[in-house]
Structure formats: structure tokens, C-alpha cells
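Okay, everyone, I've got one structure to walk through today. Take a look at the screen and then I'll start.

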Amino acid sequence: MPPTITAFANSPDRGRGHARDMRVRWALEEVGQPYNVRLVSFEAMKQPAHLALHPFGQIPTFEDGDLALFETGAIVLHIAEHHDGLLPAGTNARARAIAWMFAALNTLEPPIVELGMAMLFERDKSWYDERLTVLNHRVRVRLGELSVRLGDGDWLDGVFSAGDLLMVTVLRRLNASHILGDYPTLSSYVARGEARPAFRRAFEAQLTVFTAASKHAP
């Protein structure tokens, strides 16, 4: 039986591919692994059945036989370790690819998410402009460092890996802010990721779910 992942029944990102199931879909598409998707509502995410899979009541989850996982980093790493295509064969190159997975989720994503949340939910606060300046600076520092490291390479460590997959999905969260446009090297890097056939298949699959949900919305 193919593995089963969970995704939003009606994603708040409006089909833009920012919900975290996109990362798992992309990883499965890259390695050619068929999968099933079980859609869950926000209400169902807080019920015991889903909390047994994800203790924090979020998506995605990953079920394969008697294995149940949560957290996209863990899921993508599991996929990469059990299928060819997302981790290099060499021991050192493999370790570096995993390091980039951690860097994407631990170093780049937190300030990017914090900036996005502030832009969505704090615009009416008296201190919004000051806070936005601070958050913008934090993100730009990390983007500058990443841009220097990438240089003129296509990928972070020579060949496409799970590290690039996660990094591209993290950087795409900046689309609404237009910050990435100030870093041409990173903009091109994200575009290369988005041009991969596996990304396109994953994107269309999640967009189809949102489109169908929108047609049936009251």
C-alpha cells in the first residue's frame, strides 16, 4: 500500500503551495513514490484521531504501514533515506545535504515565518512599523548569507538534494513580501526548484484540492 499523508481540506494559503504538505508531496514526487492523501478539516485536526498522529494538531502527517510520522523535516528525511534521488551516495555529501535540511528549517524558516505572521496579524498595532523593520533586517541577514554561500551554483552542494527541496519551499514563503527580488541569486535558485517536474506535479495536486474545495464553499 502506498503511504498516506494528510493535508488541509481547505488550505488557508489559497492553493499557493505554502502549506507544509507541499514539501512531502514534492519529496514523494521526486523519488517516484505513489501516495494517498487524506484531507482533514481544521476541526478534525484537533480531534483525538488526528492528535494521535500529530500531537500538535497540524498537518502533514505520514503513515506507511505501522509507521506514523509528523514534522516535515522528519518525513522528508525518512523518504530520502528509503528512496534514491534526494540524498547523495557519498557519506560526506549525504551529511552535508542533511545539514542543509536542518539549516532550512532551523535557521531560515523561523525569521521568515515570524515576518509573515507579523504582516498578516500585526498591521493594526502601534508598534508594527518598528517591528517590521527589525524582522525585515533579520530575514535579510540570513538571505545575504545564503546568497553568498550559493554563489553561482545551481544547488547548495553541487547536486539537487532534500536540502534544496526544503530550502526552496522555505524561501517561497517570501513571495508575498517581494524581498526575494532583491537577491537575484536566490530568486533564480527558487525558480530552478519550481521548474522541476516533480515540483510542478506536487503543486498541481495541492492546487486541485483547493480549487475543488473553493467550488463547494458556501
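I'll go through the strands and then the pocket.

Quick housekeeping: this is a predicted model, so to speak, with local features needing pLDDT of at least 70, side-chain atom pairs counting only at pLDDT 80 or more, and totals for chains, interfaces and linings using all residues. Residues are numbered from 1 along each chain as its sequence is written, and side-chain values use heavy atoms, with hydrogens and water left out.

Strands here are DSSP runs of E, at least two residues, and helices are runs of H or I, at least four, numbered from the N terminus. Two strands pair if DSSP finds at least two bridges between them. Strand β3, residues 61-64, runs antiparallel to β1, residues 4-8, with two bridges joining them. T4 has E63 as its bridge partner in β3. β3 also runs antiparallel to β4, residues 67-70, through four bridges, and there T61 stands opposite F70. β3 and β4 make a hairpin with two residues between them, and G65 in the turn has a positive phi of about 65°.

Now, the largest pocket: about 1000 Å³ of space. Which residues are closest to its centre? Those are H18, R20, M117, L120 and R173, out of 38 lining residues. A pocket, on a 1 Å grid over the protein atoms alone, is an open set of points where a 1.4 Å probe fits, with protein on both sides within 12 Å along at least five of seven lines; lining residues have an atom within 4 Å of a point. Volume is the space filled by probe spheres set on the points. α4 gives the most to that lining, ten residues.
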